[in-house]
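Keep the sequence beside the coordinates as you read.

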Amino acid sequence: MSFEVKERDLLARIGKLKTKSGTVETPMLFPVINPIIQPIPPRRIREDFGFNALITNAYILKKHFQNQPAEKGLHKFLDYDGVVMTDSGAYQILVYGDIEVTPEEIIKYQEQIDTDIATILDLPTGWKVSKEHAEKTVNETLSRAKQLFNIRTREDILWVGPVQGGRHLDLVAYSAVEMGKLPFHIYALGSPTEVMERYRFDVLVDMVMTAKMKLPLDKPLHLFGAGHPFMFSLAVALGCDLFDSAAYAIYAREDRYMTETGTLRLNEIDYFPCACQNCSNKTPRQVLEMPKQKRQAFLAEHNLHICLSELKRIKQAIKDGRLWEHLEMRAHGHPALLQALKKLKKYEDFIEKHSPATKKSGLFFFNSVGLVRPEVVQHRKRLAERYSPPNDVEILLLMPQTQSKPFHKAKEFRKNEKLLKKILKTDLSKVHVCFYTAPFGIVPIELDEVYPLSQHEVALPLDGETIAYVVNNATEYINRTNYKTIILVNDPNNWNYKLLNACKKVCKQKHIKFKALNMESLGSMKANNL
Ligand SMILES: [Zn+2]
């Protein structure tokens, strides 16, 4: 097995990918090396920037250098002793239409030059293409993929099988199912470059998730052309393990300065928001005055630094179980990313199913975007599918969540509990207490210490969508259970009257006795108020 998963969060994983030239840790970004012009020498990419892998283009090597890389060996030829991946020229097909090499030649060539990770010559679907054309690219790529296993002669090279289909999700699904049947070491999503250039990250979510749900989950997934750090966390969270970036160099050529939240134009910044070695020693004005080539190298180095530091932050977030929080922070850097995050609602079941159930850290709930988090979905499912209230209780007492947790030990609950005993003239043993909470909805008192029901922080007051979610969750619960009486302690400050009205309505329909108490007037209340 060449891929081993060590840590997980959402669909992201920290893993080890074994190649014949060493093991790399995923998620991994392969900087793209153009063998003809290169702003940073490959040796420095490893020694100064810490990238243990890079990607270069087998088609360009073949076209410009013919047998030289094979004679020297690719690693010596590039002067790089890390892991080398080669792309096949598929991107050149997308840009130039056709190229002067056959799928068979490029397979043999990659074996001859001794690459570590190789790619078949797939046929990229592209962005604005008809369904018929998309279907053609899918079928042609598939037939080339099948040929590989008859042509290749070496067993020590990892092969990448690209999934095509573009925006046509049914074709992406078909392509992923069929590619998944072939014994590739790595799968890839082809041709999302244009989708990303147009900032259609919501479409990217559909494409990645469609492929991910149909591909073997134990193999790594490469996202071709995903080179900007501001979307790394989204792609990683969707289960992309490998990326390649030419953007660090292309942007540098165009005087564009990457940050982890977007791109700045060099002539529009007064201060560098970065403490890398380059940015610490120069001002944007000084860099603008550098000769073109020097400036380009300066920016390429900075851009690469930003890519790596974002990748490290993401890995730490995976280890800490805080990838969602990181993702949400990045999503607020650009509306297109937030739109993509909202798209995850469509895939919440799959994400929940494959996310770790417990973590070492609690979760932060900021607003309704967080309602698709796997922890929230998981609680909703468990409550609906596996939970039934204690047998001997007839009264449901709905209490608001407390600031401190667990809820049942909180001071404010203890105080209210005493008052309620007096008001209800009962020892509460026949009463089943449940808390209504954001973002989890109904939390039965006996479960309130189960992770993460006591391990979260929430921002109050709640937004409308969150209130609607909890109200919905509460009425579903009432509908599903058989209490004879329901008493709601309402907290209008944080919850307005939506919950009260909804409970009243559902109780009327089910002919259940319903009482409401106002939390703030509990102290002055007497039994006869009921
Ligand atoms: Zn910098």
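Of the 530 residues in the chain, 58% are buried. Buried means under 20% relative accessible area; exposed means over 50%, and partly exposed lies in between (1.4 Å probe, protein chains only). This is a predicted model: local features need pLDDT of at least 70, side-chain atom pairs count only at pLDDT 80 or more, and totals for chains, interfaces and linings use all residues. Residues are numbered from 1 along each chain as its sequence is written, and side-chain values use heavy atoms, with hydrogens and water left out.

The chain holds 23 helices and 20 strands. These are DSSP runs, numbered from the N terminus: helices are H or I with at least four residues, strands are E with at least two. The C-alpha trace spans about 95 × 55 × 40 Å along its principal axes. Among contacts in the chain with a separation of 6 or more, 72% join residues 24 or more positions apart. Contact means heavy atoms within 4.5 Å.

Start with helix H6, residues 103–112. Its buried residues are Pro-103, Ile-106, Ile-107, Tyr-109, Gln-110 and Glu-111. What covers them? The cover includes helices H2 (58–65), H3 (68–72) and H7 (131–151), along with strands S6 (83–87), S7 (117–119) and S8 (158–163). Just after H6, Asp-114 takes a positive phi of about 70°.

Next, go to helix H10 (residues 201–214) and helix H17 (residues 335–342). They pack at an angle of about 35°, with their axes 7 Å apart. Axes here are lines fitted to C-alpha atoms, for helices over the stretch in contact, and angles run from 0 to 180 degrees between N-to-C directions. From H10 the contact uses Phe-201, Asp-202 and Val-205; from H17 it uses Ala-336, Leu-337, Gln-339 and Ala-340. Five of these contact residues are nonpolar, one is polar and one is charged. Nonpolar covers Ala, Val, Leu, Ile, Met, Phe, Trp, Tyr, Cys and Pro; charged covers Asp, Glu, Lys and Arg; the others, Gly among them, are polar.

Look at one residue from each helix. Ala-340 lies in H17. Its relative accessible area is 0%, so Ala-340 is buried. Leaving aside neighbours within four places in sequence, Ala-340 is in contact with Phe-201, Asp-202, Val-205 and Leu-234. Met-209 sits in H10. Met-209 also counts as buried, because its relative accessibility is 0%. Not counting residues up to four places away in sequence, Met-209 touches Leu-11, Leu-238, Tyr-347, Phe-350 and Ile-351. The C-alpha atoms of Met-209 and Asp-349 are separated by 12 Å, though the two residues are 140 apart along the chain.

Finish at the metal. Which protein donors hold the zinc ion? They are Cys-274 (SG), Cys-276 (SG), Cys-279 (SG) and His-302 (ND1), lying 2.1 to 2.4 Å from the ion. Donors are N, O and S atoms within 2.8 Å of the metal (3.2 Å for Na, K and Ca); water is not among the atoms, so sites may look incomplete. The spacing along the chain is C-x1-C-x2-C-x22-H. Cys-279 lies in helix H13 (residues 277–281) and His-302 in helix H15 (residues 292–320), so this pair ties together parts 23 residues apart in sequence. Both Cys-279 and His-302 are buried.

Why is the arrangement tetrahedral? The four donor atoms subtend angles of 98 to 126° around the zinc ion, which makes it so. Four donors count as tetrahedral if all angles lie between 85 and 135 degrees. Ideal angles for four tetrahedral donors are 109.5 degrees.

Technical notes. Four donors count as tetrahedral if all angles lie between 85 and 135 degrees; four count as square planar and six as octahedral if opposite donors are over 155 degrees apart and all others between 65 and 115; anything else is irregular.
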